[in-house]
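Please look through the sequence and the model shown here before reading the report.

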Amino acid sequence: ALRCRRVFMITGIIAIISAASLAIALAVTNSEHERKPYSPSQLSVDNDEQQNLLEVAEHINLACSEHRLNEDMTECQRLCHTSLCCFDSGDYSCEDDTAKDCAVYAGCEALVDGVPIDGVEEDEE
């Protein structure tokens, strides 16, 4: 009787382990089908978007360089006017808003902070 009881317990444990394994396998299989892998067209869109953001950042860096700001700051202002919240530290800051792409507009900081005019800070005069 003792031996029969052990066989039933071992069989029950094996059945529970098998059922749990089957449930895990089904869950993993279903979750893999729900994931959508990147298609080549999506990757090219992402690459195109990143390339565009890089070009915008380069254009801003050129337009907001010290030399250009000393001559004419209108182009820098035009490029930066929508991203000035990236440099605000108060309630209106959007620095943490990933949709604003603040890293792209890092060159605008020269417009916000000011650059030396002809190599001399205004405070030094």
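## Basis of the model

This is a predicted model, in which local features need pLDDT of at least 70, side-chain atom pairs count only at pLDDT 80 or more, and totals for chains, interfaces and linings use all residues. Residues are numbered from 1 along each chain as its sequence is written, and side-chain values use heavy atoms, with hydrogens and water left out.

## Confidence

pLDDT is the predictor's confidence in each residue, from 0 to 100. Its average over the chain is 77, and 77% of the residues score at least 70. Helix H4 (residues 74–80) has the highest confidence, at a mean of 92, while helix H1 (residues 2–34) has the lowest, at 74. Residues 32–43 have a pLDDT below 50, and this stretch has three contacts in the model beyond near neighbours in sequence. A contact means heavy atoms within 4.5 Å.

Another stretch with pLDDT under 50 covers residues 117–125. For residues 117–125 the model has six contacts beyond four places in sequence.

## Secondary structure

The chain has five helices and zero strands. Helices (H or I, at least four residues) and strands (E, at least two) are DSSP runs, numbered from the N terminus. Read from the N terminus, the order of elements is α-α-α-α-α.

Of the contacts in the chain with a separation of 6 or more, 51% are between residues 24 or more positions apart.

## Disulfides

How many disulfides does a search of the whole structure find? The search finds four, a disulfide being a pair of cysteine sulfur atoms within 2.5 Å. With the bonded cysteines of the chain numbered in sequence order, the pairing reads 1-2, 3-8, 4-6, 5-7. Three of these links are described here, with buried meaning under 20% relative accessible area, exposed over 50%, and partly exposed in between (1.4 Å probe, protein chains only).

Cysteine 64 is joined to cysteine 76, with an S to S distance of 1.9 Å. The disulfide is right-handed, because the torsion about the S-S bond of cysteine 64 and cysteine 76 is about 100°. Cysteine 64 lies in the loop between helix H2 (40–63) and helix H3 (66–71) and cysteine 76 lies in helix H4, so the pair ties together parts that are twelve residues apart in sequence. Cysteine 64 and cysteine 76 are both buried.

A disulfide also joins cysteine 80 to cysteine 108, again with S to S 1.9 Å. The link of cysteine 80 and cysteine 108 is left-handed, with -85° about the S-S bond. This pair links distant parts of the chain, 28 residues apart: cysteine 80 is in helix H4, and cysteine 108 is in the loop between H4 and helix H5 (109–113). Cysteine 80 and cysteine 108 are buried. In the disulfide of cysteine 85 and cysteine 94, the sulfur atoms are 1.9 Å apart. The torsion about the S-S bond of cysteine 85 and cysteine 94 is about 75°, so this disulfide is right-handed. Cysteine 85 and cysteine 94 are buried as well.

## Two residues in the loop between H4 and H5

Cysteine 102 is in the loop between H4 and H5, and serine 83 lies in that loop too. Their C-alpha atoms are separated by 7.0 Å, although cysteine 102 and serine 83 are 19 residues apart along the chain.

Are these residues buried or exposed? Cysteine 102 is buried, with a relative accessible area of 15%, and serine 83 is buried, at 2%. Not counting residues up to four places away in sequence, cysteine 102 touches Cys86, Cys94 and Glu95. With neighbours within four places left aside, serine 83 is in contact with Tyr105 and Cys108.

## Salt bridge

Side chains of opposite charge can pair when their charged atoms come close. The structure holds one salt bridge, which is a side-chain nitrogen of Lys or Arg within 4 Å of a carboxyl oxygen of Asp or Glu. It is formed by the side chains of arginine 78 and glutamate 75, at 2.8 Å from N to O. Both residues lie in helix H4, three residues apart, about one turn of the helix. Glutamate 75 is partly exposed, with a relative accessible area of 23%.

## Burial and surface

Of the 125 residues in the chain, 14% are buried. The accessible surface of the chain comes to about 10200 Å², and 56% of that belongs to carbon and sulfur atoms. Accessible areas come from the Shrake-Rupley method with a 1.4 Å probe; for residues, only the protein chains shown count as cover.
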